[in-house]
Amino acid sequence: GGIFEFNTEGNEDVGEEAAGQSACVASGCNAKDDANMLHRRIVFRVGPYVGVVYTFGLDDPEGNTQAFTRRFAAVMTKHMRDAL
C-alpha cells in the first residue's frame, strides 16, 4: 500500500536519531476489506542501543496513531537510558 510520513521530529522521548515510516496494507488505505489498517515503524538509538517498534492496527483516534507508536518507543527509550 501507500507509504507516508511518520513524524519523529522534536520528540526527545524517542531517543536520538529517530526515524519512522507509516504504510497502508497492500490493498491500499481506503480498501473496505482492510478497514484502513496501518503499519507504523519507528527506529531510534540511545547510546549503544537501537530500538525498533512496529505497530499494526486501525487508523483511528483510538487505534494505531503516531502518538500510540511513539508512546511504546518512549517506554523503550526510558529503559535503554536506565541501562546506560
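Aspartate 13 touches Ala73, Ala74 and Thr77, leaving out residues up to four places away in sequence; contact here means heavy atoms within 4.5 Å. Aspartate 13 is placed in the loop between strand 1 (3–5) and strand 2 (16–24). Helices (H or I, at least four residues) and strands (E, at least two) are DSSP runs, numbered from the N terminus. Although aspartate 13 and lysine 78 are 65 residues apart in sequence, their C-alpha atoms are 7.9 Å apart in space. Glutamate 12 lies in the loop between strand 1 and strand 2. Glutamate 12 and alanine 74 are 62 residues apart in sequence and 8.6 Å apart from C-alpha to C-alpha. Glutamate 12 is exposed, with a relative accessible area of 65%. A residue is called buried under 20% relative accessible area, exposed over 50% and partly exposed in between (1.4 Å probe, protein chains only).

The structure is a predicted model, in which local features need pLDDT of at least 70 and side-chain atom pairs count only at pLDDT 80 or more, while totals for chains, interfaces and linings use all residues. Residues are numbered from 1 along each chain as its sequence is written, and side-chain values use heavy atoms, with hydrogens and water left out.

The secondary structure consists of 1 helix and 4 strands, and from the N terminus on the elements run β-β-β-β-α. Of the 84 residues in the protein, 31% are buried. Among contacts between residues at least 6 apart in sequence, 46% join residues at least 24 apart. The protein exposes about 5300 Å², of which carbon and sulfur atoms supply 54%. Accessible areas come from the Shrake-Rupley method with a 1.4 Å probe; for residues, only the protein chains shown count as cover.

Helix 1 has 18 residues and reaches 26 Å from its first C-alpha to its last, close to the 26 Å expected at 1.5 Å a residue. The expected span is 1.5 Å times one less than the number of residues in the helix. The buried residues of helix 1 are Thr69, Ala73, Thr77 and Met80. These residues cover an arc of only 80° around the axis, which puts them on the same side of helix 1; the arc is that of the directions from the helix axis to the C-beta atoms. The cover over the buried residues of helix 1 includes strand 3 and strand 4 (49–58). On the face turned away from the buried side, helix 1 carries the exposed residues Arg71, Lys78, His79 and Asp82.

Threonine 69, in helix 1, counts as buried because its relative accessibility is 0%. Not counting residues up to four places away in sequence, threonine 69 touches Phe6, Arg40, Ile42, Val53, Thr55 and Asn64.

The largest nonpolar core has 8 residues, namely Phe6, Val14, Ile42, Phe44, Val46, Val53, Ala73 and Met80. A nonpolar core is a set of buried Ala, Val, Leu, Ile, Met, Phe, Trp, Tyr and Cys residues joined through side-chain atoms within 4.5 Å. At least two residues of this core come from each of strand 3 (37–46) and helix 1 (66–83), and strand 3 gives the most, with 3 residues. In soluble globular proteins, nonpolar side chains tend to be buried together.

A search of the whole structure finds 1 aromatic pair. The rings of phenylalanine 68 and phenylalanine 72 have centres 5.1 Å apart and planes at 85°, so the pair is edge-to-face. Rings of Phe, Tyr and Trp (its six-membered ring) pair if their centres lie within 6.5 Å; planes under 30 degrees apart count as stacked, over 60 as edge-to-face and the rest as tilted. Because phenylalanine 68 and phenylalanine 72 are 4 residues apart in helix 1, about one helical turn separates them. Phenylalanine 68 is partly exposed at a relative accessible area of 27%, and phenylalanine 72 is partly exposed at 43%.

Glutamine 21 is found in strand 2 and counts as partly exposed at 36% relative accessibility. Residues up to four places away in sequence aside, glutamine 21 touches Ile3, Phe4, Phe6, His39, Arg40 and Arg41. Glutamine 21 and valine 43 are 22 residues apart in sequence, with 9.1 Å between their C-alpha atoms.
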